[in-house]
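Here is a short report on one protein model. Keep the sequence and the structure side by side as you read.

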Amino acid sequence: MVEEEVDREQTVSVSSMSDDELQKFMSENGISLKVSEARMVVEKLKRDPTLTEFHIFNNEWSEHCSYKSSKEVLKMLPTSGPTVMQGPQEDAGIIYLTTIDNEKYGVVIAHESHNHPSQVVPYEGAATGIGGIVRDVLCMGAHIFATADPLRFGDVTGKNVARTRYIANAVVDGIAGYTNPIGIPNIAGDVYFNQSFDDNCLVNVVSLGLVKESEIIHSAAPENAEGYDIVIVGKGTDNSGFGGVSFASVILDEEDKESNKGAVQVPDPFLKNMLIRATEAVFKEARKQGIKVGFKDMGGGGLMCSTSEICSAGGFGADIDLDKVHVTMKNLPPYIICCSETQERFTWVVPPSFTPTVLKIYNEDFELPNVAEGAKAAVIGKATKEKQYVLRHKGKVVCNAPIDEVTTGIKYSRGQKMPLRTFKEPENVPDPPNYNEVLLKVLSHQNIASRESIYKHYDTEVQGLAVIRPGEADAGVMAPIPGNPVGVALSVDCNPRYNRIDPYWGAVSAVAEAMRNVAAVGAVPHGMTDCLNYGNPEKPEAFWQFVEGVKGVTDAAKKIWLKGTKEPVGIVSGNVSFYNESATGNAVDPSPVIACLGVLKDHGKAITMRIKGSGNGLWLLGDRKDELGGSVYYHLLGHLGKNVPRIDFEQERNRIYAVIDAIDKGIVYSCHDISDGGLAVTLSEMIMGGGGYGNIGANINVRMDGKAYQLLFSESPGFVMEVPKDKEDQLRFICKGYGIEPVKIGETGGENLMITSGGRRLINLSAIKLSQAWKGGLKEAMK
């Protein structure tokens with residue numbers, strides 16, 4: 001077949017421009033490629049590009065789409081294993097859940113970031129982050145049943161406090177304003193505040209869906225798809241979000257804030273609600289007729305990205321008429337039609353015989369044109385045997401590029417350099433005269449205090465699947481299959497101050513804590529995702545932090561084995577977010593945020609952290625060590641420290657396994673992991689429970705090997721479990737089987753938390769006082 005020539009009038013004379021001229025042209029046209037990369041476009045095409053092609057490669061070669069700095073490093077991650085049904089080759093991974101009547105069920109899980117948009121336009125940025133992540137899950141053929149939101153904001157006590165509070169509150173409102181109308185509960189999340197996030201907040205989002213193995217849909221044109229229709233569905237295309245993926249791949253500059261707002265998409269959750277329902281109806285009809293289809297989210301890079309990638313993944317090309325794309329603005333140029341990131345859109349590749357059914361379901365049965373102006377389903381092109389990506393506009397060819405060149409991206413081998421690290425432990429830390437006052441300050445700290453003022457915005461009851469809700473335990477728990485006892489637990493974790501000190505051990509701790517949290521409700525960790533948030537990869541020091549973080553995630557996933565095996569807990573999906581740095585050079589703390597999904601055979605056995613009764617024993621797993629580096633206690637004293645928790649992989653996995661077994665046997669009534677704030681905070685939160693209304697105290701008498709503040713506030717990992725006296729021997733037996741020794745540190749009872757060590761009463765506080773400090777801290781910080 002003779003290749004059609006592109007419209008010469010739209011050609012950009014890249015090859016004849018000087019470097020300065022080329023840089024000036026790209027800056028004026030919103031193209032963020034480097035000059036050397038622009039020259040590579042000419043090499044790939046063997047000619048100068050059209051302006052539309054220039055924008056296409058600008059998007060596909062962005063860090064967001066191509067992973068050009070991280071692709072090689074990510075290969076070290078373990079992405080397979082006994083519980084991995086699908087690894088990270090598509091927009092979402094799939095983790096094995098259960099088998100019913102010889103049919104495997106999986107949990108589809110996706111994990112993304114929407115950091116830059118949320119810093120610039122917080123409400124819309126956070127809302128569209130949720131919009132994108134639920135599309136990723138839906139596109140696998142799944143029923144979406146949960147979301148989660150790990151968040152990082154600036155210092156609420158610093159010079160930018162007003163801006164930080166505005167961003168934090170608007171982000172929470174944006175998440176609630178999207179998840180609630182689309183009817184998907186938010187069941188997990190975490191939030192940290194510190195000055196490294198002043199100029200770059202982090203808004204990470206996770207979504208879960210349920211799918212049968214036989215009903216999985218892939219984001220690739222199916223076999224023998226030559227001549228299949230390319231159908232786009234959803235909102236009418238406008239200019240919103242144009243350049244979004246490129247915007248997400250550059251350093252934020254406060255001076256560009258107003259112009260950057262155009263790169264942020266506009267959410268429409270009510271249209272999304274209808275789209276989800278209509279799409280599930282298309283799934284049902286396709287399965288009924290036994291028709292194989294391809295289905296892909298239209299997110300970053302817009303129509304161009306989704307249509308090129310779905311066809312390329314199936315081994316096909318695409319021929320698209322941009323005049324057939326439904327738009328809501330007149331006279332849009334072709335590069336905006338194809339690259340705009342207008343929200344609430346999808347791409348199908350379907351046989352022509354099925355196309356009328358798709359159009360009828362969306363346009364007539366669910367009446368999309370009456371739901372939102374310009375919304376509908378429309379046929380815009382064909383999948384082709386020739387592997388070219390062809391776009392037509394006004395009768396002219398504005399793009400004709402090898403489709404695999406469009407989608408493959410480019411790759412860099414970045415340099416790395418360990419930065420100068422001068423972290424040290426503080427000298428002569430005083431022994432406070434009143435530990436009661438110290439504990440109350442720790443409990444009211446913005447990184448410890450109750451998160452109720454955030455999660456109260458979210459509807460956790462919609463769909464009626466919640467078993468354990470946010471705040472009640474270390475992980476949220478859902479019962480995704482009505483009438484079946486199987487449960488799903490979800491936790492998200494990462495301490496930024498640990499990672500500032502040591503990006504390797506900080507990443508290890510993120511994985512370990514996420515696993516501990518699902519274990520603390522009785523679930524077996526089955527799989528994980530990672531959202532890797534770092535600074536500028538072109539700086540060797542920042543790239544070194546990234547590589548160390550990936551090494552930490554890898555080692556922890558491999559060495560805290562899948563229970564019952566020596567196989568890793570697989571990383572099935574994730575995201576890399578670079579350039580989380582301001583023009584002033586302020587980069588975020590390295591933040592490898594981990595989401596861990598756990599499975600319970602019987603969700604009825606799941607437990608919370610609130611103490612259940614008086615007279616039960618409280619048992620400790622995990623030694624208290626001199627590990628206060630990055631701790632809240634040190635932060636109150638104005639220190640950072642050096643000694644972050646260092647995970648002993650063997651001890652960690654054995655403690656996790658023992659806790660899971662003990663909960664499964666009904667031996668443990670409540671359980672809480674030890675992390676932020678240390679042992680004293682863990683005990684306080686067990687007394688208060690998720691809502692802060694608990695009234696059963698604890699009398700603790702524990703040996704102190706070091707200083708009192710190390711005993712109380714060291715953040716060395718571990719668990720505290722509430723065990724009735726008649727089951728203590730069973731606990732010892734289970735722990736002995738894993739080579740660990742539980743330590744009884746006290747009993748439940750009374751209404752106070754009393755902690756004694758070596759004959760010295762360190763803490764004596766009522767549950768009411770604990771609750772007052774804990775419940776007011778975050779509310780005050782975000783007011």
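## A buried loop residue

This model is predicted. Start with Thr83, which sits in the loop between helix H5 (71-74) and strand E1 (84-86). Is Thr83 buried or exposed? Its relative accessibility is 7%. Thr83 therefore counts as buried, because the cut-off for buried is under 20%.

Which residues does Thr83 touch, leaving out those up to four places away in sequence? They are Ile94, Ile95, Tyr96, His526 and Leu562.

## Two packed helices

Two packed helices are described by the angle between their axes and the distance between the axes. Take helix H11 (residues 269-289) and helix H14 (residues 355-365). They pack at an angle of about 150°. Their axes are 9 Å apart. An angle over 145 degrees counts as roughly antiparallel, so H11 is roughly antiparallel to H14. The crossing of H11 past H14 is right-handed.

H11 brings Leu275, Ala278, Thr279, Ala281, Val282, Glu285 and Gln289 to the contact. H14 brings Thr357, Val358, Ile361 and Tyr362. Of the residues in this contact, seven are nonpolar, three are polar and one is charged.

Look at Cys339. Its closest cysteine sulfur is in Cys338, 3.6 Å away, so the pair is too far apart for a bond. For Cys596, the closest cysteine sulfur is in Cys494, at 14 Å, which is also too far for a bond. Cys339 counts as buried, at 0% relative accessibility. Cys596 also counts as buried, at 0%.

Terms used: Residues are numbered from 1 along each chain as its sequence is written. This is a predicted model: local features need pLDDT of at least 70, side-chain atom pairs count only at pLDDT 80 or more; totals for chains, interfaces and linings use all residues. Side-chain values use heavy atoms; hydrogens and water are left out. A disulfide is a pair of cysteine sulfur atoms within 2.5 Å. Buried means under 20% relative accessible area, exposed over 50%, partly exposed in between (1.4 Å probe, protein chains only). Helices (H or I, at least four residues) and strands (E, at least two) are DSSP runs, numbered from the N terminus. Contact means heavy atoms within 4.5 Å. Axes are lines fitted to C-alpha atoms, for helices over the stretch in contact, and angles run from 0 to 180 degrees between N-to-C directions. Angles under 35 degrees count as roughly parallel, over 145 as roughly antiparallel, 65 to 115 as roughly perpendicular and the rest as oblique. A crossing is left-handed if the near helix is turned anticlockwise from the far one by less than a right angle, and right-handed if clockwise. Ala, Val, Leu, Ile, Met, Phe, Trp, Tyr, Cys and Pro count as nonpolar, Asp, Glu, Lys and Arg as charged, and the others, Gly among them, as polar.
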